[in-house]
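Subject: Structure handover

Hello,

Here is the structure for you to look over. My notes follow below.

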Amino acid sequence: MLSAHIIRNLRNASKLASVAGPNADRIVNVKWSDGKTGEFPLIWLRDTSPDAATYTISPAMTARNLTMLEFDVEQKARKLWIDGDGDSLKIEWDSGVLSTFPSEWLQMRNPSDQEARKRRRKVYLFPEETWGKEEIEKKLKRFSHEEFMKNDRVVHDFLEAVCIDGIAVLKGAPQGARGAIEAIGDRIGMIKRTHFGIVFEVSTKADASNMAYASNGGLPFHTDFPSLSHPPQLQMLHMLQSAEEGGNSLFVDGFHVAEQLRVENPEVFRILTTHSMEYIEEGYDIHEINGKEFRFDYDMCARHKVIRLNDEGKVNKIQFGNAMRSWFYDCEPSQVQNVYRAMKTFTDHCYQPRNVLKFRLEDGDTVLWANQRLLHTRDGFKNAPGKSRTLTGCYFDWDIVKSRVRHLRDKLELEQNQPSA
Ligand SMILES: C[N+](C)(C)CCCC(=O)O
Ligand SMILES: O=C(O)CCC(=O)C(=O)O
Ligand SMILES: [Fe+2]
């Protein structure tokens with residue numbers, strides 16, 4: 001949908017000066033009065049034409065009517081011209097459809113403008129930099145829980161920080177009151193349910209279903225649920241009752257550690273990016289669903305590389321958890337020793353003081369982070385008499401979190417907003 005922000009820009013857009021083509025490559029050349037130029041593929045102009053024959057646009061949906069089965073990708077235009085004193089490009093197609101492309105519409109989508117393409121790529125909200133201790137201590141964003149609950153701009157800024165820095169904090173929810181996770185979850189959109197329920201509670205329990213529930217001991221750095229082939233992409237924890245001593249939260253940017261290893265220890269980097277580790281998680285968890293106690297039995301098994309690279313060779317996922325790591329190494333026995341050396345070096349890097357962010361969640365504080373980027377843990381703790389350290393938590397997936405950021409950019413008319421159809 002065109003937001004008011006875009007409509008306002010439309011009025012300020014510079015005028016179209018001329019149109020030429022299509023040429024032999026079926027490119028239409030456009031010039032603006034300020035000297036800017038644009039190369040627009042003719043078939044793309046037909047396909048994206050902002051009109052009711054091409055798109056169904058209603059308040060609840062924008063969707064293309066054209067089907068690829070029927071779409072003639074060789075179709076031609078009868079006539080192209082600049083209309084309304086340079087306000088728009090008009091194209092009359094052989095089929096009879098008439099398209100109108102406002103000047104600003106073309107400028108924002110100009111396929112030959114590198115700036116426009118760069119701007120567009122930001123829509124994926126990928127992190128641009130990794131961090132070590134010093135960087136994150138300077139830039140870690142903290143917002144008031146109360147402001148988050150009532151101010152959409154704070155929701156946007158908080159979630160944007162989580163996308164870019166991989167972590168952000170909400171301070172000062174009502175102390176000792178349950179329901180913060182649910183309330184924040186509603187404000188974000190949709191919690192991701194796992195075999196530990198919608199909202200889980202971290203406290204020391206009998207018949208613990210997880211190491212975090214088993215004792216007041218510290219835990220090793222891990223990402224949650226390497227046992228799943230699609231582990232939750234984000235994790236949130238809220239401190240209900242902090243420990244008397246210890247129980248600090250520790251985080252490390254796994255992307256940063258991976259980049260260090262790429263430079264400082266290429267052989268370890270090679271092993272961790274090529275050798276899959278297997279993780280198993282067998283047991284059951286009892287949690288509440290719809291007010292009733294619910295037991296879920298599971299036998300999870302998945303394999304991941306500790307460091308996963310995307311097609312361009314950039315680090316894009318980290319999975320590691322020693323508690324669930326299995327006995328199976330799908331390689332020649334002679335390679336196993338080096339796999340262990342690599343895991344050990346990776347873990348040593350995670351614990352290097354230059355990499356670790358450590359802070360204490362006070363009662364009423366919440367932290368949200370990227371579970372496929374950061375590794376996290378807590379240190380050991382001692383409870384005050386009768387006061388058992390308790391956190392509540394849940395998971396999210398990026399699609400929901402990023403959708404919320406984009407939606408708010410549109411709703412609040414923020415400058416980062418991008419057009420849809
Ligand atoms: C936090 N909790 C217990 C719900 C899940 C932890 C998953 C893991 O240990 O990988
Ligand atoms: O106890 C904590 O602070 C964190 C435990 C943990 O690793 C988790 O909940 O995933
Ligand atoms: Fe965890």
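Both His222 and Asp224 are buried, meaning under 20% relative accessible area, where exposed is over 50% and partly exposed lies in between (1.4 Å probe, protein chains only). This is a predicted model: local features need pLDDT of at least 70, side-chain atom pairs count only at pLDDT 80 or more, and totals for chains, interfaces and linings use all residues. Residues are numbered from 1 along each chain as its sequence is written, chains are lettered from A and ligands numbered from 1 in the order in which they are written, and side-chain values use heavy atoms, with hydrogens and water left out.

**Iron site.** His222 (NE2), Asp224 (OD) and His376 (NE2) coordinate the iron ion (ligand 3) at 2.1 Å. Donors are N, O and S atoms within 2.8 Å of the metal (3.2 Å for Na, K and Ca); water is not among the atoms, so the site may look incomplete. The spacing of the donor residues in sequence is H-x1-D-x151-H.

**Ligand 2.** The residues around ligand 2 (a heavy atom within 4 Å) include His222, Asp224, His376, Arg378 and Arg389. Polar contacts are pairs of N or O atoms within 3.5 Å. A polar side-chain atom of Arg389 lies 2.7 Å from an oxygen atom of ligand 2. For the side chain of His222, the distance from an N or O atom to a ligand 2 oxygen is 3.1 Å. For that of His376 it is 3.1 Å. On its own ligand 2 has 290 Å² of accessible area, and the protein covers 96% of that (Shrake-Rupley method, 1.4 Å probe).

**Ligand 1.** A polar side-chain atom of Asn210 lies 2.9 Å from a ligand 1 oxygen. A backbone N or O atom of Phe225 lies 2.7 Å from an oxygen of ligand 1. Ligand 1 exposes 320 Å² when taken alone, and the protein buries 93% of that.

**Aromatic rings.** There are 19 aromatic pairs in the structure. Rings of Phe, Tyr and Trp (its six-membered ring) pair if their centres lie within 6.5 Å; planes under 30 degrees apart are stacked, over 60 edge-to-face, the rest tilted. Tyr329 and Tyr340 make a tilted pair, 5.5 Å centre to centre with 45 degrees between the planes. Tyr329 is buried at 11% relative accessibility. Tyr340 is partly exposed at 38%. Ring pairs also link Phe196, Phe200, Tyr213, Phe225, Tyr298 and Tyr395 into a cluster.

Best wishes

Definitions and conventions: Polar contact = N/O pair within 3.5 Å; in protein donor to acceptor, adjacent residues only side chain to side chain.
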